[in-house]
Amino acid sequence: RWHTMSQSLLDNWSEEGCAAAISEAAASPADPSAPNPLKVVLHDLSSAVVRGALEPERLVTVLSDVALVDRALLPRVQSDLADIFWFLGLRIEAEKSDEDGDGAPKQQLLALVAALLQAELVAPELLKARLDPEMLQEAGLVASHADFHRAQVRLNTRALYTQQKYNLLREGSEGYSKLVTELAELPAGPRDGTSTRGCTRAAEVVANVQSLIGYFDLDPNRVLDLVLEALEAVPSRASHRSLVELFNPQYLPHVLGFKFQFYKGEAEATPLSLYALCGLLLKQGAVELEQVLPHLEPSLPKLREMHAADVARQVAAAKRIGSVLFGDAKPAPAEEAEAEAEADGGAARMQPLGVLSALLQLREWGSASRLMELLDGVDVASYPPVGAALCRIVDFLTKPAYATVSVGARLLPSKEVQKPPAPAAAEARPAEGGGSGGGSGGGLEGLALD
């Protein structure tokens, strides 16, 4: 059963011959396709000890003699012996039989381990890392294999699975306080006077924010969330693209999406400021529409179903106009009022329509038209904010053509209506409810009237 050295070497035991075999095996060139020669020789010797063909003391004598085995080989010998002991332990457990019922091979292996430990030829720490807990207990290296296993699990968990980043209460509270203060210094416009130190350049704030992240080891995702909070509070600050460009663009849609998902199923409707922030980021090209839509509630197919149900309800209500209903056929006024209130409240929580309204207010026609194409089958103009935004766009486009002939021209002084606003000036004027920021090439330049 055991792969051993030649029987003649064991019968005519010679320490010099055994040492020569170990040295020759260690000096043999390593062949990746063949077993390690040194490990094979040590395995054969250890197997002979387990079989009882060789006393453990003789093997210890060979390995501990400096004249026989070079000390430079000792680290390799120790590592190989630890692997061999682990392998022999498994093999003994697998090949237990009636003839080996007395456990003699296991006792021989434990005697060899004890002899090598006493001669300091194998480090206990190395054996604790390689051998099974049960064998360590039998060899006397640990008091209880169960306690050792629990300690090993705790150590591995602490080293591999414990989160290394501190939470907000333990992580640099000073760093976050300085970060919030620095974000408040970000100028909102060319004549903004909110900065306490007179900061007029966004590059200074961006450099300080980057330094705070590195100095206090702040979580970049949490910092990005605070940056978006600051931009949402003052949308005109979103024009400073370099601040958002500090962060990985792949994470920006997810952090923005988490803000929308926070209001999923909540009684509180999504704030208009969040829609405005999303519109500004879309207009700047910081995020793509396809990256934001999966985070919005309801989904586009669900929104089509809700719109179809609302249309059916309105058609049914219109058919009842002028008809006379008797008895139970007449719907209760309370039920009608409840259905209308539910429809109005549901429309206020349709996040895709809120994003569309913000895009129209910012006159970001490229993203808005793409979103309306995705909302095919939904009458977006029936949503009051979207309808009002579309009306403002129509007014913006037709006002230059009708400025001199409108009713307002007769009421206002002639010098104010002699010339319609230039297209460049009209395009530079911010839309109602919108913020400043660079365009992404999807504005209304191609829709201007002659």
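This report walks through the helices, cores and selected residues of a predicted protein model.

## Ground rules

Because this is a predicted model, local features need pLDDT of at least 70 and side-chain atom pairs count only at pLDDT 80 or more, while totals for chains, interfaces and linings use all residues. Residues are numbered from 1 along each chain as its sequence is written, and side-chain values use heavy atoms, with hydrogens and water left out.

## Overall make-up

The protein chain has 24 helices and zero strands; here helices (H or I, at least four residues) and strands (E, at least two) are DSSP runs, numbered from the N terminus. Of its 450 residues, 36% count as buried. Buried means under 20% relative accessible area, exposed means over 50%, and partly exposed is in between (1.4 Å probe, protein chains only).

Take the contacts between residues at least 6 apart in sequence: 72% of them join residues at least 24 apart. A contact is defined as heavy atoms within 4.5 Å.

Helix α4 spans residues 56–64, and its buried residues are Pro56, Leu59, Val60, Val62 and Leu63. These residues cover an arc of only 160° around the axis, so they sit on the same side of α4. The arc is taken from the directions from the helix axis to the C-beta atoms.

Helix α6 (residues 104–118) packs with α4 at an angle of about 35°, the axes being 9 Å apart. Pro56, Leu59, Val60 and Leu63 of α4 make the contact with Ala111, Leu112, Ala115 and Leu116 of α6. For these values, axes are lines fitted to C-alpha atoms, for helices over the stretch in contact, and angles run from 0 to 180 degrees between N-to-C directions.

## A covered helix: α19

Helix α19 (residues 351–361) is mostly covered, with eleven of its eleven residues buried. Those buried residues pack against α14 (252–261), α15 (272–284), α17 (300–319), α20 (365–374) and α21 (384–402). After α19 comes Arg363, which has a positive phi, near 60°.

Ala389 gives a residue-level view from α21, the helix in which it lies. With a relative accessible area of 0%, Ala389 is buried. Leaving out residues up to four places away in sequence, Ala389 touches Ser357, Leu360 and Gln361. From Ala389 to Gln361 is 28 residues in sequence and 5.7 Å in space, C-alpha to C-alpha.

## Nonpolar cores

The largest nonpolar core holds 58 residues, of which Val223, Val355 and Leu375 touch the most other members. Such a core is a set of buried Ala, Val, Leu, Ile, Met, Phe, Trp, Tyr and Cys residues joined through side-chain atoms within 4.5 Å. A second, separate core has 35 residues, including Val122, Leu127, Val142 and Phe148.

Looking at Leu375 beyond its neighbours within four places in sequence, its contacts are Leu300, Leu303, Arg304, Leu353, Leu356 and Val380.

## Cysteines and a helix α9 residue

How many disulfides does a search of the whole structure find? The search finds zero, where a disulfide is a pair of cysteine sulfur atoms within 2.5 Å. Cys278 counts as buried because its relative accessibility is 0%, whereas Cys391, at 53%, counts as exposed.

Finally, Gln152 has its place in helix α9 (residues 145–160). At 30% relative accessibility, Gln152 counts as partly exposed. Gln152 and Pro133 are 19 residues apart in sequence, with 9.8 Å between their C-alpha atoms.
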